[in-house]
2 protein chains.
Amino acid sequence: MRTSDVPEVVIQRMPLYLRSLNDLAARGAKVVSSTALAHEVGVSSAQIRKDLSHFGEFGKQGLGYEVDYLRSQLERILQTDTQWHVLIVGAGALGHALINYRAFEHWNYYLSAVFDSDPAKVGQPIGHLTVQPMSELCNTIQERHVEIGILAIPAEAAQTVADELVHCGVRAILNYAPLHLVLPEDIRVSHIDPVASMQSMTYYL
Amino acid sequence: MRTSDVPEVVIQRMPLYLRSLNDLAARGAKVVSSTALAHEVGVSSAQIRKDLSHFGEFGKQGLGYEVDYLRSQLERILQTDTQWHVLIVGAGALGHALINYRAFEHWNYYLSAVFDSDPAKVGQPIGHLTVQPMSELCNTIQERHVEIGILAIPAEAAQTVADELVHCGVRAILNYAPLHLVLPEDIRVSHIDPVASMQSMTYYL
């Protein structure tokens with residue numbers, strides 16, 4: 001595990017900065033002020049300056065940030081040139097959507113395998129993959145050096161499968177199941193929770 | 001729009017506290033220390049105390065929080081008893097997954113309609129809904145008082161559809177498309193961005 005004194009919330013915002021810089025570059029911007037970048041991302045400009053200061057000096061006082069330069073620096077910080085092997089557990093509608101989500105491969109997250117406990121789904125093709133039985137999970141993780149698992153399964157099964165992923169060598173889990181996973185401290189977990197996103201919007205309505 | 005002096009990041013954490021309190025209650029916990037709750041959520045206990053202090057006094061010094069009481073207070077703050085009408089644009093695999101995601105209805109987010117621009121999908125049943133053509137979008141929003149739209153469509157179409165949703169009366173958008181939406185200030189937007197979640201995990205690997 002990479003050691004870091006940078007607060008986790010800062011690390012969570014870095015991909016958002018990178019995404020906005022990509023959008024700005026696609027629209028032809030060469031330079032962006034911290035105010036304009038802040039507006040894109042939806043944080044304050046003081047927050048951006050403070051977040052970036054953890055990694056060095058990227059802007060010039062009064063001149064803002066060079067879009068391409070800052071983008072390349074964030075890509076370096078986030079190691080976006082590393083190729084990661086990812087597997088998905090769950091070959092339902094969500095599994096299908098994830099396998100067909102082009103942004104993963106664009107950012108070097110390579111979907112290596114998909115698994116399902118339902119014998120009727122095993123053997124079916126989805127995109128470039130074929131659904132494998134859960135009995136092959138551990139071997140596949142070890143043979144293909146899979147470090148990231150995506151849980152696209154119901155809450156009832158999520159903890160058991162997460163435990164198995166970790167036992168077999170997975171070090172990070174993207175969890176779509178509506179359930180808090182209890183895992184060892186050194187395992188990274190991100191929870192995609194659309195209800196939480198809804199609640200933080202409807203608070204304001 | 002509800003006025004609020006509470007920072008937006010605090011509002012984004014409140015649903016996570018509520019989710020963890022529900023998990024704790026399901027496991028039979030009656031009382032939880034801020035340290036234990038912090039461990040569940042993955043923030044510091046100082047953060048929890050500071051976040052909750054925006055809304056009042058919920059714990060007793062040295063005794064922690066009563067799980068059921070704090071949970072009911074968070075439900076009140078987040079207005080979880082309000083029923084919201086939600087529509088989905090995009091009847092692909094992600095649209096299917098969202099319509100079958102039981103957590104929405106459990107939390108009073110009622111999926112009222114689903115739309116797709118593909119004539120081959122219009123008329124198909126998905127769960128309790130039937131796919132409608134885009135031409136019916138505006139009327140449906142107004143007739144059914146839909147306030148929230150979910151974008152489950154490719155990036156190319158997302159900005160145009162978001163503009164139409166807002167024009168027809170939608171006030172909050174949950175965006176699954178890998179694209180930053182540019183919308184009026186008073187429209188709430190949440191972006192579900194699995195690549196950003198991946199990057200904030202792989203930073204540490």
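These are my notebook entries on what I looked up in this predicted model.

**Conventions**

I number residues from 1 along each chain as its sequence is written, and I letter chains from A and number ligands from 1 in the order in which they are written.

**Chain A as a whole**

I began with the secondary structure of chain A, which comes to nine helices and 10 strands; here helices (H or I, at least four residues) and strands (E, at least two) are DSSP runs, numbered from the N terminus. Along the principal axes, I found that the C-alpha atoms of chain A fill a box of roughly 60 × 40 × 35 Å.

I then looked up burial, where buried means under 20% relative accessible area, exposed over 50%, and partly exposed in between (1.4 Å probe, protein chains only). Of the 205 residues in chain A, 52% are buried.

For charge, I counted Lys and Arg as positive and Asp and Glu as negative, leaving out His and the chain ends, and I placed each charge at NZ of Lys, CZ of Arg, CG of Asp or CD of Glu. Chain A has 15 positive and 22 negative side chains, and the centres of the two sets lie 10 Å apart.

**Disulfides**

I searched for disulfides, taken as pairs of cysteine sulfur atoms within 2.5 Å, and the structure holds two over all chains. In chain A, Cys138(A) is joined to Cys168(A) with an S to S distance of 1.8 Å. This pair links distant parts of the chain, with Cys138(A) in helix 7 (residues 137–143) and Cys168(A) in helix 8 (residues 155–168) of chain A, 30 residues apart. The link of Cys138(A) and Cys168(A) is left-handed, with -100° about the S-S bond. Are Cys138(A) and Cys168(A) buried or partly exposed? Cys138(A) is partly exposed, since its relative accessible area is 23%, while Cys168(A) counts as buried because its relative accessibility is 4%.

In chain B, the sulfur atoms of Cys138(B) and Cys168(B) are 1.8 Å apart and form a disulfide. Cys138(B) lies in helix 7 (residues 137–143) of chain B and Cys168(B) in helix 8 (residues 155–168) of chain B, so the pair ties together parts that are 30 residues apart in sequence. I class the disulfide of Cys138(B) and Cys168(B) as left-handed because the torsion about its S-S bond is about -100°.

**Helix 1 in both chains**

I checked the length of helix 1 (residues 8–26) of chain A: its 19 residues should span 27 Å at 1.5 Å a residue, and its end C-alpha atoms are 28 Å apart, which agrees. The expected span is 1.5 Å times one less than the number of residues. Helix 1 (residues 8–26) of chain B, with 19 residues, reaches 28 Å from its first C-alpha to its last, close to the 27 Å expected.

After helix 1 of chain A comes Gly28(A), whose phi is positive, near 95°, and just after helix 1 of chain B, Gly28(B) takes a positive phi of about 90°.

Within helix 1 of chain B I looked at Asp23(B), which counts as buried because its relative accessibility is 16%. Asp23(B) and Trp107(B) are 84 residues apart in sequence and 15 Å apart in space, C-alpha to C-alpha.

**Gln79 in both chains**

Most residues other than glycine have a negative phi. Gln79(A), however, has a positive phi near 55°, and Gln79(A) lies in the loop between helix 4 (67–77) and strand 4 (84–89) of chain A. Gln79(A) counts as partly exposed, because its relative accessibility is 21%. Phi of Gln79(B) is also positive, near 55°.

**Ala196(A)**

Ala196(A) sits in helix 9 (residues 194–202) of chain A, and I class Ala196(A) as buried because its relative accessible area is 6%. Which residues does Ala196(A) touch, not counting residues up to four places away in sequence? Ala196(A) touches Pro15(B), Leu16(B) and Arg19(B).

Key:
Predicted model: local features only at pLDDT ≥ 70, side-chain atom pairs only at ≥ 80, totals over all residues. Heavy atoms only, no water. Contact = heavy atoms within 4.5 Å.
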